[in-house]
Amino acid sequence: MAAAKLSPADSLSFCLAQLTAAAGEGLGGGKDTATNETPLGRALLALRTRHVKAAGGIERFRARGGLRPLLALLRRAAAAGPAPSQAGPGSAPSSVESAASSGPAPSPGPAPSAASSSTPSPPTRLRKTLDLALSVLANCCTEGECRAEVRRLGGIIPLVTILQCVKTDSIQNRTARALGNLAMEPESCGDIHSAGAVPLLVEGLTACQDSQCRQSVVRALRNLADSPQHRLALAKQGAVRPLAELLAAAPDPAMTLALVRALLELSRGCSRACAEQLSLGGGLGPLVSLASHPKRAVREAAILILANLCAQGLVRPALGSAGGVEVLLGELRRRRGPSGASPASQQPLVRAVCLLCREAINRARLRDAGGLELLMGLLRDPRASAWHPRVVAALVGFFYDTGALGRLQALGLVPLLAGQLCGEAGDEEEEGREAASWDFPEERTPERAEAGSFQSLRSWLISEGYAADPGDISPEWSPERCPPPPEPASRASPSLGPTLLRTPHALRPAGRSPTTTAPEEPWGREGPALLLLSRFSQAPDPSGALVTGPALCGLLAYVTGAPGSPSPRAFRILARLTCNPACLEAFVRSYGAALLRAWLVLGVAPDDWPALRTRPARRSQHQHRELGEMLLQNLTVQAESPFGVGALTHLLLSGSPEDRVACALTLPFICRKPSLRRRLLLDQGGLRLLLSALTGPAPHPLFLFFAADSLSCLQGLVSPTVSPALLPAIPLDLDPPSPCLYEPLLGPAPTPAPDLHFLLDSGLRLPAQRAASANASPFFRALLAGSFAEAHMDLVPLRGLSPSAAWPVLHHLHGCRGCGATLGPVPPPGQPLLGSEAEEALEAAGRFLLPGLEEELEEAVGRIHLGPQGGPESVGEVFRLGRPRLAAHCARWTLSPGQCPRKRALALVGLVEAAGDEAGPLTEAFLAVMMGVELGGEGPSLDG
């Protein structure tokens, strides 16, 4: 089989040569009679079908310098056309014809029809040449380096000129395709905008009927929307409305995809012009319908366009009427599902849904479509924390919707709002003025220019003393509201000058005062949350939502930890709650009163217990204390009212076990009347109930801290005359103040001589006097002077006694009191007492029937471990010895008035741990100290 004969057009060199020659001579040229084609036409056809489409063909064409003659050819065609102002709708073929002739350009007129002649007319042949050249250029511009070279060679202006002059659909299609490819480079995109191509593309979009041409124009517009500035320019030049009108005409699937992709780019950062044109073009309804399109690309693009449109308040009501609220909620719900998309893809939908909450009609649709539950789910999701401020601000739109607020409260909004007060700010950008609610549309009328007569009047009013500055007078001023001018004599009086300079109320806009202006409350990121909390606090009974642990903790954390000055609205919320009688029981049940005192008055937040948290120095602790005392005083007023007395009595007698304990703990904070304290705390068992609950399960994380503070307050209220002062410390390095009577028996020449020795298990012999020992204790009297064998022995064994424990026993037997011997077996603070020599000495004193020695040893333990050297951790160690008097010492140390609240609470924690499940000893110890049993035994004094 013979090989196919190669034509000259198969050579790239031949094609480039023809292209170069045509660029220099023009678009005409001789015609090959055999093929009925010009050599230029064959070269361009070969370039388009073979050379450029081959692998690496575009690169070879560019490297061989093909772009320069190709652009020169197009430039000659563009320069030969008529001026833009002279071109008519049918002038494109004439302009191309003029490029092939050397005569003057013909006047605009209808082009001769190709169908009127049996052979192609020159204009038709030239249009074909131009079509091929543009196709080659558009194909080359798919490669980045070619796009850069076309821009460098100035190829954009000829394309725009051709787009303006030649109105043939095929030429428009190729030109728009080339411009669309060039627009993929940011620099070229800017040059295309500067060359004025956008109005021509918009005109071509409405004029052409070919679907392929329209798709090329739509793609070019999409690529030209590469920046906010360019998108705004496109919208202002009317590029959006034709796209919306085409979309409303239900085009074919390919055109639909091209349109939604273009509208998606144009609607990014949606401007007012874009939203207006899309709405006027009837695009909202089709976009809502396309949100359920079977093709995913169309469906997602339509949904994102709807989300972008929500940035403009003027279009949101119409968008909601078209069904956009339900579409956006459904898509956001789907993306938040188990198989949904990433959080980043949810961001535009969250923003759109929040913006939809700014209009009442859309809020109603959102509420009916389950949007409140969706927004609450976002607030609960820690992964969506960056959107929480936006969601809270959106919920402010439901401020006056009682039904929606009730639903939000039932869904748990209040604790989430309280948690938002001290949260970090989100990364969301601020919305512009155009995103404001369209329920109160901004007046768009042109600003009135102040007439010369008004300017003259204002100048006269200022000169006559009616106004202090031009801003005090508005154009709405009327002479009827103005008092008569003052007398000239009065104006001349210097003493009346300041009075006359006051602005009359009639000349000021409503609400404006020159002398007193209400200070504007700070509105930070916590402003929306505080506003909603304030709205909830104004309900008749807000206790179920606001008087809870999380809500109170959030408010107090904001009041005490806000970076700047906290909003006064937070103070008003707390004051409103404490003044509401319906909240009294809730404050008692939730330990709210104790929390107020601990956080504000004592300065101990929940995060500071049990370990102190490092925080910056508080500069307003004094203000916090005043606030706490004021709030507690409000609760006291409610508690001591007839309603409050009945409520507290009911809680204490008929409430649940948890409520009864909470009531007993809270009573010392909010009850000041002695008779009420006696009845509730003593007669009805509130004090014993609180003490019995100390060793049980803690109903609150700060229960023991609250209990220690409550018992301390109760100590001062029940027995204000009892002073649980700490025992004085005895310096251990000084000689004891009392003489030692046992020491003379220990020297080399004892005086008097001992007549008895005690033998310890260690083999140590301790000298003693039989008579003194027998007289000091009934045990030793029976042992040494009775019928036992030891009465006749000079060496009496004492079993189970160490030398350190025996030492204070021997001193006590010989009459030593306060000589310091009892301090010897007591270990220093920080060391355990259980198993120590002090415990052994106490047991020996009890075994030998020496109550005086027991008291001395207990006093020594108290002085060392419960004195200034001891800390709260020593209290539990002392209590573990199980001695009633030491237990009272521990209770006295814990309830000391000057004790640090933190140390007091830590001591109570140690006491509870030491007591274990046995609440009796601990209860009796506190009762003994608080009722003053040890220090007088006259019973409690509640009326003192």
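A residue counts as exposed when its relative accessible area is over 50%, and as buried when that value is under 20%. Keep those cut-offs in mind while looking at this predicted model.

Let's start with the salt bridges. A search of the whole structure turns up 30 of them.

| Pair | Closest N and O atoms |
|---|---|
| Arg 316 and Glu 359 | 2.8 Å |
| Arg 335 and Glu 331 | 2.7 Å |
| Arg 799 and Asp 761 | 3.8 Å |

Take Arg 799 and Asp 761. With a relative accessible area of 57%, Arg 799 is exposed because that value is over 50%. Arg 799 sits in the loop between strand E3 and helix H44, while Asp 761 sits in the loop between strands E1 and E2, 38 residues apart.

Now for Arg 316 and Glu 359. Arg 316 is buried at 0% relative accessible area, and Glu 359 is buried at 0% too.

Arg 335 and Glu 331 are both buried. They are 4 residues apart in helix H20, about one helical turn.

Some charged residues join up in a network of salt bridges: Glu 59, Arg 62, Glu 145, Glu 149 and Arg 152.

Finally, the nonpolar side. The largest nonpolar core has 274 residues, and Ile 670 is one of those touching the most other members. Beyond its neighbours within four places in sequence, Ile 670 contacts residues including Leu 584, Val 588 and Leu 648.

Note on methods: Residues are numbered from 1 along each chain as its sequence is written. This is a predicted model: local features need pLDDT of at least 70, side-chain atom pairs count only at pLDDT 80 or more; totals for chains, interfaces and linings use all residues. Side-chain values use heavy atoms; hydrogens and water are left out. A nonpolar core is a set of buried Ala, Val, Leu, Ile, Met, Phe, Trp, Tyr and Cys residues joined through side-chain atoms within 4.5 Å. Buried means under 20% relative accessible area, exposed over 50%, partly exposed in between (1.4 Å probe, protein chains only). Contact means heavy atoms within 4.5 Å. A salt bridge is a side-chain nitrogen of Lys or Arg within 4 Å of a carboxyl oxygen of Asp or Glu. Helices (H or I, at least four residues) and strands (E, at least two) are DSSP runs, numbered from the N terminus.
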